[in-house]
Amino acid sequence: MLNGKKVMIATGGTGGHINPGLAVAGYIRDNYPDAQILFVGTAVKMEAQLVPAAGYDFKTIDIQGFSRDLTPAGLVKNVQTAVKLVKSSSQAKKIIREFEPDVVIGFGGYVSGPVLRTAAKMGIPTAVHEQNAFPGVTNKTLAKKVDRVMLTAPEAEKYIKSKNPCVVTGLPVRGEMINADRDISRAELKVDDRPVILSMGGSLGAKVINEAMTQLIAERYERKNCYFLHATGKAGVGMFDTLKNDKKINLDENKHIMLREYIDDMYRCMAAADLVICRAGASSLSEIQAMGKPSILVPYPYAAENHQYYNAMALVKNDAAILIEEKDFTGERLIKEVDELLANPDRLKQIGENAKKMAIYDATERIVNCIGEIVK
């Protein structure tokens, strides 16, 4: 299907855009070794490190997003963005002419816009993948021009006007997440049969989640009837001192409280967890679904188009998660929700089972099949 074909992947900005592209590229590399793959991104975002590190050829264009800030600084940035947008189309055309791709796929980020628009104008088969339940502006615009629109969540289709019918593919989830064993993971973390609460707010940390978890831990820790596995994030490391100094909790003596700045073995921690408390990014939710975990979701309210709220609602509508908006998320509210869930194991189990029913385990294969269908 893709043997001997040249595949161009445009993506960038965040791991949520880049990792699905890398997953698809990996599948193509493993199953169609004669295919050639080229990534296009920016020189200043995460893709500039992640893509070459994964062993793929990488070209850059200069592009940035428009600012919603109407201050003089915001207006200056928007003028700069407009200039870059014009130049980026020429840069994209040069890269496309040199590589001569058989198909171009966009996985989101500002870079997808000029690359996909240019490829479509040149008559090259094109496709985009939308990770969120509420599509971003770039993908909504591209949907009218590309040959195939692929969705993580079926709810996104009602917000898109596409040239051709959308296809629900799901979002690729790492094999290590899907294959992680609960019992082995709990043994490696040295936890017994008490419930494990896994909580985090992203690599930088979320202040509101750190503060609420501080209250929850302080309120419940003396009972020692559950484990807390919490990632503070880079900006939240002060939580260690808050628990020790303000809450007078000896973390060395309370082994059921496990605080980390960052979780680099998420597959193990997620597999061991009985309840997950986190934001509502598309990648996190796909992992929660794949592993069948009940969750309390706190969408980041400043995400573009408030898409995390829509991501969370896709689960809530299936009774597959509990949603608490950040404006309502307090320590008291979290304590109440956690107490009710831990007191009702059957309810906790049902939420997790409902989440698992939503999982799409062959998302990468579905995406590659869609790509193959439009290649000439």
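**Close-up 1. The side chain of K293 and the backbone oxygen of A273.** A polar atom of the K293 side chain lies 2.8 Å from the backbone oxygen of A273 in this predicted model, for which local features need pLDDT of at least 70, side-chain atom pairs count only at pLDDT 80 or more, and totals for chains, interfaces and linings use all residues. Residues are numbered from 1 along each chain as its sequence is written, and side-chain values use heavy atoms, with hydrogens and water left out. K293 is buried yet has no salt bridge, the nearest side chain of opposite charge, D274, being 6.0 Å away; buried means under 20% relative accessible area, and a salt bridge is a side-chain nitrogen of Lys or Arg within 4 Å of a carboxyl oxygen of Asp or Glu. Leaving aside neighbours within four places in sequence, the residues in contact with K293 (heavy atoms within 4.5 Å) include R182, M270, V276 and I288.

**Close-up 2. The aromatic pair of F39 and Y56.** The structure holds six aromatic pairs, that is, rings of Phe, Tyr and Trp (its six-membered ring) whose centres lie within 6.5 Å. F39 and Y56 form one that is tilted, with 5.3 Å centre to centre and 50 degrees between the planes; planes under 30 degrees apart count as stacked, over 60 as edge-to-face and the rest as tilted. Both F39 and Y56 are buried.

**Close-up 3. The ring cluster of F134, Y159, Y309 and Y310.** Ring pairs link these four residues, F134, Y159, Y309 and Y310, into a cluster.

Terms used
Buried means under 20% relative accessible area, exposed over 50%, partly exposed in between (1.4 Å probe, protein chains only). Lys and Arg count as positive and Asp and Glu as negative; His and the chain ends are not counted. A polar contact is a pair of N or O atoms within 3.5 Å; within protein, one must be able to donate a hydrogen and the other to accept it, and residues adjacent in sequence count only if both atoms are side-chain atoms.
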